[in-house]
Amino acid sequence: DHALSVNTTGASNVAIGYQALDANTTANDNTAVGHNALGANTTGYSNTAVGQDSLATITTGIRCTAVGQDALKVNTGDRNTGLGWQSGLSNTSATQCTFVGANCASSNTTGNYNTALGDTALGTNTTGANNTAVGKSALAANTTASYNTAFGKSALGANTTGAENVAVGYGALEDCTTGTRN
């Protein structure tokens, strides 16, 4: 229950906070700051978690960075970045994603290679992959659509399943829900 309490051969780890890195056994080069940060990690290496429950359930994932309470909380994938309160909260096995902003991509589970920057950007995305959302609420309603690019507040904001769209500017294609290749 204490920081690094079961570490056996792991080296170069830093753990500050109750249950931080407390399951770590052989993993190296991890930094955990906050209650339960990297709490389930056993062999995953080169991870950084700052904030309560950030990267809390990762066990073997590598090279992830989570800053903020609940950032990448249930993540098990590799090479993900979550900065902000609940950014990438539900991300499970998705890899190589970048989420910056409070509650952005908080529903993403298995959608790989997504980038979300801004409050609630890609907020309801679950399995859509290769999306880029920059701006508050950009691609906020997207669930399963892939290959979309949205730049600007609420750009493609109502899109749910429309794929291969590009929207640039405040509210661009805001009401497009299922249209493709716009």
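Trainee: Leaving aside its neighbours within four places in sequence, which residues is Ala116 in contact with?
Mentor: Keep in mind this is a predicted model. In it, Ala116 contacts Thr98, Phe99, Val100, Cys104, Ala105, Ala121, Leu122 and Ala133.

Trainee: And which residues touch the most other members of the largest nonpolar core?
Mentor: Ala116 is one of them, along with Leu38, Leu55 and Phe99. That core has 29 residues. In soluble globular proteins, nonpolar side chains tend to be buried together.

Trainee: New topic: how many disulfides are there?
Mentor: Zero in the whole structure.

Trainee: OK, salt bridges. How many?
Mentor: The count is four. Take Lys73 and Asp53, whose closest N and O atoms are 3.9 Å apart. Lys73 sits in the loop between strands S4 and S5, and Asp53 in the loop between S3 and S4, so the pair ties together parts 20 residues apart in sequence.

Trainee: Which residues are linked with those two in a network?
Mentor: Asp70 joins Asp53 and Lys73 in a network of salt bridges.

Trainee: What about Arg181, which partner does its side chain meet?
Mentor: Glu164, at 2.7 Å from N to O. They're 17 residues apart, with Arg181 in the segment after strand S10 and Glu164 in the loop between S9 and S10. Arg181 is exposed at 64%, while Glu164 is partly exposed at 37%.

Note on methods:
Residues numbered from 1 in each chain as written. Predicted model: local features only at pLDDT ≥ 70, side-chain atom pairs only at ≥ 80, totals over all residues. Heavy atoms only, no water. Core = buried A, V, L, I, M, F, W, Y, C linked by side-chain atoms within 4.5 Å. Buried < 20%, exposed > 50% of the residue type's maximum accessible area, 1.4 Å probe, protein only. Contact = heavy atoms within 4.5 Å. Disulfide = S-S within 2.5 Å. Helix = DSSP H or I, 4+ residues; strand = E, 2+ residues; numbered from the N terminus.
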